[in-house]
Amino acid sequence: MKLSIRAICVKVIIAIIVIQLGAVQKNATAQDFHLSQFDAFQQYFNPAMTGMFNGDLRVNAHFRQQWASIIENPYQTFGVSLDAANVNLGSFPPALQNLRLGGFVLNYQAGAGTYNVLNVIFSVAKNYAIKQSDHHVAVGIQTGVINKFVNMDALSFQRQYNNANGGGFNTQIPNGENFTNTSVFLPELNTGLLYNYAKLNSRFNPFLGVAAYHLTQPNETFFNVTNRLPIRFVLNTGSKINIHKQHQAHLHVLTMMQKNVIQVQSNIMGNFFISPNSEDIAIIYGFSYRTLNNSDAGIIHLGAKYRDFTGRVSYDINISDLKNFSSGRGAIEISLVYIRTKPIKAANVSCPRL
């Protein structure tokens, strides 16, 4: 029996999802930080996703806080992103027209030492239709800088413990550590590739993306040693399923691999449109399961779309070995996305909401 290109792509992507859902994780510690709502901050997970939306301009604000239940200084992530679709650069040649341009700032702060990681990244992507069909391939590249900083004055070391007078830490005592500096700047270079089936009113719109981050593997250290930042590989696959005019389902699997770390997050998301003839107002709901080493978190999502604005709140329920200390309390995450676009009467849109 002869299969169409679309049927083959759907079968391959479903097979990848099944394999990833059953993947066994290796014991390790993560390097880069993660977001539970990765589909709301797309540029961080694939440069080819720059400008991948139905509209001409997108702005996103993101916040995440975790481990507030067990530490005084919880880990916090703040991010903003901006991207535009189909940008023309004046008299540039056709190959440099209809580009997708964007960028993001993502800041992560952790622990008592206010360890801080700031990403400032610029993105460019280009979309290609395969033989003018509904099969599309996008390629993207990013460049920018990462700044890592630690506040040594906020840290206490073993040598600063004073046994006299009942003990206690004295930060005036030298800590004995040989820090070359407390702030480092790292050049960033990332690239990504994305396939998606973009036919309107299709029952399935599958997609498959691959990306690689930290391609230059810059030296990441506060000491006078060599410590290369490992490349982070990302595989993102799934499909939008048009159940009927008022209901869409989205199946996503995100896999991130960095050195000997493998993290997998599986999403089942739903959009329910209030009107069968418009996607202006929708209720968003879903559940995710993330593994890192072993079971890490179950994630509940709830949100809403009103015209050009989409807001979502998610909560990580901790199911890792730390659940005995956290009582299951993990992270809260909030995203707000604005997309400037012309009204769309049909709910079955072509671009995958990753």
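Begin at I300, which sits in strand β12 (residues 294-306); strands here are DSSP runs of E with at least two residues, numbered from the N terminus. With a relative accessibility of 45%, I300 is classed as partly exposed, that is, between buried (under 20% relative accessible area) and exposed (over 50%), using a 1.4 Å probe and protein chains only.

Before going further, please keep in mind that this is a predicted model, where local features need pLDDT of at least 70, side-chain atom pairs count only at pLDDT 80 or more, and totals for chains, interfaces and linings use all residues. Residues are numbered from 1 along each chain as its sequence is written, and side-chain values use heavy atoms, leaving out hydrogens and water.

I300 belongs to a nonpolar surface patch together with F287, Y289, V313, Y315, I317, I319, I332 and I334.

Now turn to a strand with another setting. Strand β10 (residues 261-273) has eleven of its 13 residues buried, so the rest of the structure largely encloses β10. Its partner β9 (residues 247-258) runs antiparallel to β10, and twelve bridges join them; strands count as paired if DSSP finds at least two bridges between them. Along this pairing, A249 faces G270 of β10. Two residues lie between the strands of this β9 and β10 hairpin, where K259 adopts a positive phi near 60 degrees.

β10 also pairs with β11, again antiparallel, over eleven bridges. There, M269 has G286 in β11 as its bridge partner.

Notes
Patch = residues over 30% accessible without salt bridge, like charges linked within 9 Å, V, L, I, M, F, W, Y side chains within 5 Å. Areas by Shrake-Rupley, 256 points an atom, 1.4 Å probe, with all protein chains shown as cover. Salt bridge = Lys/Arg side-chain N within 4 Å of Asp/Glu carboxyl O. Helix = DSSP H or I, 4+ residues; strand = E, 2+ residues; numbered from the N terminus.
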